[in-house]
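My entries follow the display.

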Amino acid sequence: RESDHRAWTPVSYTVTRQNATVQGLTEGKAYFFRIAAENIIGMGPFTETTKEIVIRDPITVPDRPEDLEVKAVTKNSVTLTWNPPKYNGGSDITMYVLESRLIGKEKFHRVTKEKMLDRKYTVEGLKEGDTYEYRVSACNIVGQGKPSFCTKPITCKDEIAPPSLDLDFRDKLIVRVGEAFSLTGRYSGKPAPKVTWLKDYTVVKEDDRTKIKTTPTTLCLGILKSVREDSGKYCVTVENSTGSRKGFCQVNVVDRPSPPVGPVIFDEVHKDHMVVSWKPPLDDGGSEITNYIIEKKDAHRDMWMPVTSATVKTTCKIPKLLEGKEYQIRIYAENLYGISDPLISDEMKAKDRFRVPDAPEQPVIKDVTKDSAVVVWNKPYDGGKPITNYIVEKKETMATRWVRVTKDPIFPGTQFKVPDLLEGCQYEFRVSAENEIGVSDPSPPSKPIFARDPIAKPSPPVNPEAVDKTKNSVDLSWQPPRHDGNGKIIGYLVEYQKVGDEEWKKANLTADSCPETKYKVTGLTEGLTYKFRVKAVNAAGESEPAYVPDPVEVKDRLEPPELILDANMAREQHVKAGDTLRLSAVIKGVPFPKVSWKKEDREVSPKADIEVTGVGSKLEIRNTVHEDGGIYSLTVENPAGSKTVSVKVVVLDKPGPPRNLQVSEVRSDSCYLTWMEPEDDGGSVITNYVVERKDVASAQWVAISSSSKKRSHMAKYLIEGTQYLFRVAAENQFGRGPYVETLKPIKAIDPLHPPGPPKNLHHVDVDKTEVSLVWNRPDRDGGAEITGYLVEYQEDGADEWTKFQTVPMLDCVVTGL
């Protein structure tokens, strides 16, 4: 019976075995079964299955999974996918088991312990360079089925594939203004490429209208509501480390054109027609203008009448006008995508407009000779009536009156040869045009020209030669050309060429920078050899070159130094103190010598100004003092030699102070002074000495001698007992030198001598320890009052005298004996 029914249904009538096959069951339904035994007596009790049985096919392990594939490989991971087995064994798949085996090993190892139901898995943490193979098995309630077929051996390394690009758009795309467009495609590459969009080589950025969408395999650039500015060359670049691919599309966003550019110009106006012109639109809408639509209307009516709609020219004849009426013209531009807004003209009256011709443009003068010139001009606008004659006039530049060059008509040619010019005079020319209405205004005057035969190029310069040289320059000289080509020589072009080279280089860029027949070529390289040539230039151009005959080696020309002494460099130079000392000499030598000044073989004083020019040298000392005197030497030296000159400079000055002033033979009314001549006589003979004295109590010095040539003097008339100072100075023709003064005052007294011995020394009393002595005054006091007497005693038999004391009187008691 079915599990949800109560009624039992018999399966068979007679079964003799202990098993039976029940047929006709429904798959998926649950049933109970019961069995009873039967003999001839009857049927025994039923035995029933304890639980329901669901009818289904027998359950086995699943088949092997299918299509195991490697999707991605890096240096440390592998990504695999697979499909489920064709048969799950009668039970749902509960999980998959992924296994790997390192090539060289025998056993497979399970990759993950987790329960895995997804059919995609990335194995990570692998070692770069190792090679593995993989297999996968499916599990159901019964168990694990057979493994899939193994993958090929997979080596762990980063996959590299150059980019590929498959575009959905063509090389050119035309879009109407306001419409959207998109550029799409697919790409691939490993590692994943970078996608860049450019427009006219500028990176495209997203905004409200511009959208960029990139997936791992697709790319898209979309632009909403396109405008004309979206036109351009679009480029998509797909790039990775292995290379790049590019795709291009020229997008043209098209629209109707902008209006023609005004104003409308009325080129011709007649009583029954007009000719108008205009300029094309600034923007043709991205498509060529197919035609212009021209309409006209009476200025006082509102109805526009068609003139033509089939012209591509920017000029049009407006016919069928009524004389005297005012008209307006309206012009549209049209392309494949529409018609522009109109350009409307000003009002113009239909009537004939004839007038005298316009003034011709400024004429050009050519083929000038000493007595003729050809005047050339362009035909001007004829004013609506044909030109019938041209009038050519001339005048001298400094004059004011214009004169016709001929009374004959000049037509139809637009040039005329003017005869009868005066050689050397300067002329200007002008032209007028004439039609049946009258004569036009004259043209602007031509540029002034001189009536002289045409100038030819000059002949070459004559005899160029190298006249001097240094280590980086060469001086050239030449004579003017024999023929100047009837034109003033503007100047000369000098060129040089290193021997071995083919190219000539210009030493001067313009001829007027070298008007003379000489030039110094600078910037050359020492030791190299050069060729030189010179061209003469006049208004007609450059002459043929004249060559310096021989190549020139660039090096210093050696000439030993030479000194030409000025008068102030005589053997001895005298200069008065306070004046300026000047020593100078002219110096020659190639290369220019090195100049050095010395004084007594040492550097000259810092106060000396030394100037060295290209032709000489000068030493100057202002406000000279005596110490500036000495022997000065000037040395000039170059690689060819050296030369030295010397001059003795004497600075004439007052003498120095006398030396070693001594005072002797002092008396009460005189003393004797002596001294030595000064070390420095100031460069001139000492003429006399000045001797002065001064009482120490006075501030005033008194001269006692001013004309003595001797180096001694007896100072007389001193006041006895007074203290004096003395000083002496030397004089020469330049003045009096400084004084030398006595170091300490001298007292005017006679010289002193020791007094004579006391007389008649004897004792008058004796005690056991003392003796009383008396004596008389000496015969002489030595020139000064006696101030005391020194008493000494000596023990009998001893050598030494012992001082006792000095007493003022003529007696003394010696105690302590």
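How many salt bridges does the count come to? I took a salt bridge as a side-chain nitrogen of Lys or Arg within 4 Å of a carboxyl oxygen of Asp or Glu. By this rule the count comes to 30.

The model is predicted, with local features needing pLDDT of at least 70 and side-chain atom pairs counting only at pLDDT 80 or more, while totals for chains, interfaces and linings use all residues. Residues are numbered from 1 along each chain as its sequence is written, and side-chain values use heavy atoms, with hydrogens and water left out.

Entry: Asp-341 and Arg-256. I looked up this salt bridge and found the closest N and O atoms 3.1 Å apart. Asp-341 lies in the loop between β28 (338-339) and β29 (343-344) and Arg-256 in the loop between β21 (243-254) and β22 (261-269), so the bridge ties together parts 85 residues apart in sequence. Strands are DSSP runs (E, at least two residues), numbered from the N terminus. Asp-341 is partly exposed at a relative accessible area of 39%, and Arg-256 is partly exposed at 35%. For these words I used buried for under 20% relative accessible area, exposed for over 50%, and partly exposed in between (1.4 Å probe, protein chains only).

Entry: Glu-495 and Arg-533. I found their side chains in a salt bridge at 2.6 Å, N to O. Glu-495 is in strand β40 (residues 491-498) and Arg-533 in strand β43 (residues 529-538), so the pair ties together parts 38 residues apart in sequence. Glu-495 and Arg-533 are both buried. Shared partners join Glu-495, Arg-533, Lys-535 and Glu-542 into one network of salt bridges.

Entry: Asp-475 and Lys-520. The closest N and O atoms of this salt bridge are 3.0 Å apart. The pair links distant parts of the chain, with Asp-475 in strand β39 (residues 474-479) and Lys-520 in strand β42 (residues 518-521), 45 residues apart. Lys-520 is partly exposed at 43% relative accessibility.

Entry: Glu-133. I placed Glu-133 in strand β10 (residues 131-139). Is Glu-133 buried or exposed? Glu-133 is buried, with a relative accessible area of 11%. Not counting residues up to four places away in sequence, Glu-133 touches several residues, including Arg-101, Phe-108 and Lys-152; contact here means heavy atoms within 4.5 Å.

Entry: Pro-442. I found Pro-442 in the loop between β36 (426-435) and β37, partly exposed at 33% relative accessible area. Pro-442 and Glu-361 are 81 residues apart in sequence and 8.9 Å apart in space, C-alpha to C-alpha.

Conventions:
Helix = DSSP H or I, 4+ residues; strand = E, 2+ residues; numbered from the N terminus.
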